[in-house]
Amino acid sequence: MNKVTLVSIIMGMMTFGVAPVRAESIPLKPGEYQITAVTETSNGEGGKPATHTRCMKEEHLAHPDAVFNYYVTNGFKPKPSNKVMNVSIHDGNVSYDIEGPHAITRVEGTVSSTAFSVLRKATPTSGSGILVTMRVEGKRMGDCSSK
């Protein structure tokens, strides 16, 4: 065996040996969900619940912020510049962080096969600005319509 082959094998072993431990996947069952959100700000605005229904598909369940985010019901797509980090989905609990250009958002809550409840706390990265807190809850209502 030559040196190049040996180095390639060792590098491959090191790559696999330091792979991060993966959290379990989002245990929600795909289907039609009723999503309710209540937003409050540190300056006292908000507080009125908003409710929509949404078809949650298998591909959404691969991305936590595509599930535990109320804005997706309005067609919002997370910005590519936002980094989702520290994802932990284990024993019915979910948590992760989103690092964006203007805020760091901490998401924590619970999830089962048919419901979830998370609290999203966005803190401005500049140190000034308002703190935004959003409680997002979802409950499976049945299968998605075939529209």
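**Note on the predicted model**

1. From the N terminus on, the element order is α-β-β-α-β-β-β-β-β. That gives two helices and seven strands in the protein. Both are DSSP runs numbered from the N terminus: helices are H or I with at least four residues, strands E with at least two.

2. The model is predicted, so local features need pLDDT of at least 70 and side-chain atom pairs pLDDT 80 or more, while totals for chains, interfaces and linings use all residues. Residues are numbered from 1 along each chain as its sequence is written, and side-chain values use heavy atoms, without hydrogens and water.

3. Of the 147 residues, 27% are buried (under 20% relative accessible area, 1.4 Å probe, protein chains only). The accessible surface is about 9,600 Å² (Shrake-Rupley, 1.4 Å probe). Carbon and sulfur atoms hold 57% of that surface.

4. Among contacts (heavy atoms within 4.5 Å) with a separation of 6 or more, 43% join residues 24 or more positions apart.

5. The largest pocket holds about 480 Å³ of space. Its lining has 22 residues, with Tyr71, Asn82, Ala103, Thr105 and Ala122 the closest to its centre. A pocket is an open set of points on a 1 Å grid over the protein atoms alone, where a 1.4 Å probe fits, with protein on both sides within 12 Å along at least five of seven lines; lining residues have an atom within 4 Å of a point.

6. Strands E5 (103-111), E6 (115-124) and E7 (132-142) each give two or more residues to the lining of the largest pocket. E6 gives the most, with five.

7. The lining of the largest pocket divides into eleven nonpolar, seven polar and four charged residues. Here Tyr and Ala count as nonpolar, and Gly as polar.

Methods: Buried means under 20% relative accessible area, exposed over 50%, partly exposed in between (1.4 Å probe, protein chains only). Grid points are joined across faces, edges and corners, and a volume is the space filled by probe spheres set on the points.
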